[in-house]
Amino acid sequence: FYCGDAKQSYEFDWVDVLGEGTTLLVACGWLGLIVSSRPAGRVTEWLYYGSLLLVYSYFLDLLDEFIQYPEDVRLMSWLESLPAPVGMLILTYGLIGWHREQRAINRQLRGRELFLRNHELIDPLTQLYGSEYLLAVLQREVELHQSQRQPLSLLVLDIHNFADFNRRNGIAAGDHYLSQLSELLLSQLRHSDVVCRYSGDCFVAVLPDTAAAAAQIMAQHLQQQVVQLTDEENKPDLTMAVMQVSQDSASAALQAALQMLAASKQGTEFRLQPV
Ligand SMILES: Nc1nc2c(ncn2[C@@H]2O[C@H](COP(=O)(O)OP(=O)(O)OP(=O)(O)O)[C@@H](O)[C@H]2O)c(=O)[nH]1
């Protein structure tokens, strides 16, 4: 602004303004995505400073569409052209770091996945994984959630007086209800969620990238679906509890969620109305 003079509007090249303005906006978008999605660390810093230099360079590029600089001010053309290649180099270095980071995470996930697949952990009635798998998956998610700073929630669901339901309607009806409920959970939750049958009439869903408020909405949605599940006169009541994980181990998180469920049953904590 100090070195140059404002151009007259007839001197504006609107095609250049559009092209350079779009480039600037996209570079700002990259910067925003990096800041909002990456955990703090060296790789993030390389990505951040690389993009920042690009934003700076594209901003100056756009500015000279509106301001005329004197031909003899070399500094302006350096300031305009140098940061872009330097930013690209820094960004590339950051991307290589990101690539290495992702490969290390993938290797770790593949190893765990193999371990999990090698164990026969599926419950034959509901076709859901059981408590052993739940703990292994939850531990993996807790570690990921800590390293990537993404929210992680648990949804716990328990059938009230299921023993009574079995007594009134028979074990076969109880089995049928359990498998219907499992199907409903599988169909209503997202692909990234993992639903497990924790014990006889207690189910736990691990909800990655989900904060407590979103998990609560999912629970309420499930609650509405569950109502239509059985034609039996005496439908079983369900209690659900949701919790955003802040613990650093799977067993501590699960224990806290089960305590919350117990409190929900007694009506002393957050409770979704039983169906
Ligand atoms: N039909 C059927 N019933 C099961 C199965 N697994 C567990 N149950 C029954 O689920 C009931 C669980 O009993 P509890 O843990 O006391 O639970 P509850 O009767 O729902 O009592 P609260 O949870 O305290 O309300 C028992 O009666 C078990 O027989 C199953 O695979 N099929």
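Q127 sits in the loop between α4 (83-117) and α5 (131-148), and although Q127 is not a glycine, its phi is positive, at about 60 degrees. The structure is a predicted model, so local features need pLDDT of at least 70 and side-chain atom pairs count only at pLDDT 80 or more, while totals for chains, interfaces and linings use all residues. Residues are numbered from 1 along each chain as its sequence is written.

D209 also has a positive phi, about 50 degrees, without being a glycine. D209 is located in the loop between β5 and α8. With 16 C-beta neighbours inside 10 Å, D209 counts as partly exposed.

Now for the whole chain. The protein chain has 9 helices and 6 strands, where helices (H or I, at least four residues) and strands (E, at least two) are DSSP runs numbered from the N terminus. Of its 275 residues, 27% are buried. Among contacts with a separation of 6 or more, 75% link residues 24 or more positions apart; a contact means that two C-beta atoms, placed from the backbone, lie within 7 Å.

Turning to the helices, V17 is part of helix α1 (residues 14-37). V17 is partly exposed, because it has 13 C-beta neighbours inside 10 Å. Setting aside neighbours within four places in sequence, V17 touches F12 and E65. The C-alpha atoms of V17 and D64 are 9.5 Å apart, though 47 residues separate the two along the chain.

Helix α2 (residues 42-63) has 22 residues, which at 1.5 Å a residue should span 32 Å, and the 31 Å between its end C-alpha atoms agrees with that. The expected span is 1.5 Å times one less than the number of residues. Several residues of α2 are buried, including W46, L47, L53, L54 and Y58. An α-helix has 3.6 residues a turn, so residues three or four places apart point the same way.

An unreviewed UniProt entry places the feature "transmembrane region" at residues 16-34, 46-63 and 75-98; positions follow the numbering used here, feature names are shortened, and annotations may be inferred rather than shown by experiment. In the model, residues 46-63 are 100% helix and 0% strand, with end C-alpha atoms 26 Å apart. Residues 75-98 are 96% helix and 0% strand, and their end C-alpha atoms lie 34 Å apart.

Then there is the sheet. Its 4 strands form an open sheet in the order β4-β5-β3-β6, with antiparallel pairing; strands pair if DSSP finds at least two bridges between them. β4 (194-199) and β6 (238-244) stand at the edges with a single partner strand each, so one side of each has no neighbour in the sheet. On average, neighbouring strands are turned by 20 degrees against each other, direction ignored.

Strand β3 (residues 152-159) runs antiparallel to β6, and 7 bridges join the two. L155 stands opposite V242 in β6, and I159 has L238 as its bridge partner there. Helix α8 (residues 212-226) packs on the sheet, touching β3, β5 (202-208) and β6, and its direction makes about 165 degrees with that of β6. Such angles run from 0 to 180 degrees between N-to-C directions, with axes fitted as lines to C-alpha atoms, for helices over the stretch in contact. Because 6 of its 7 residues are buried, β6 is largely enclosed by the rest of the structure.

Methods: A residue is buried if 20 or more other C-beta atoms lie within 10 Å of its own, exposed if 12 or fewer, and partly exposed in between; C-beta atoms are placed from the backbone.
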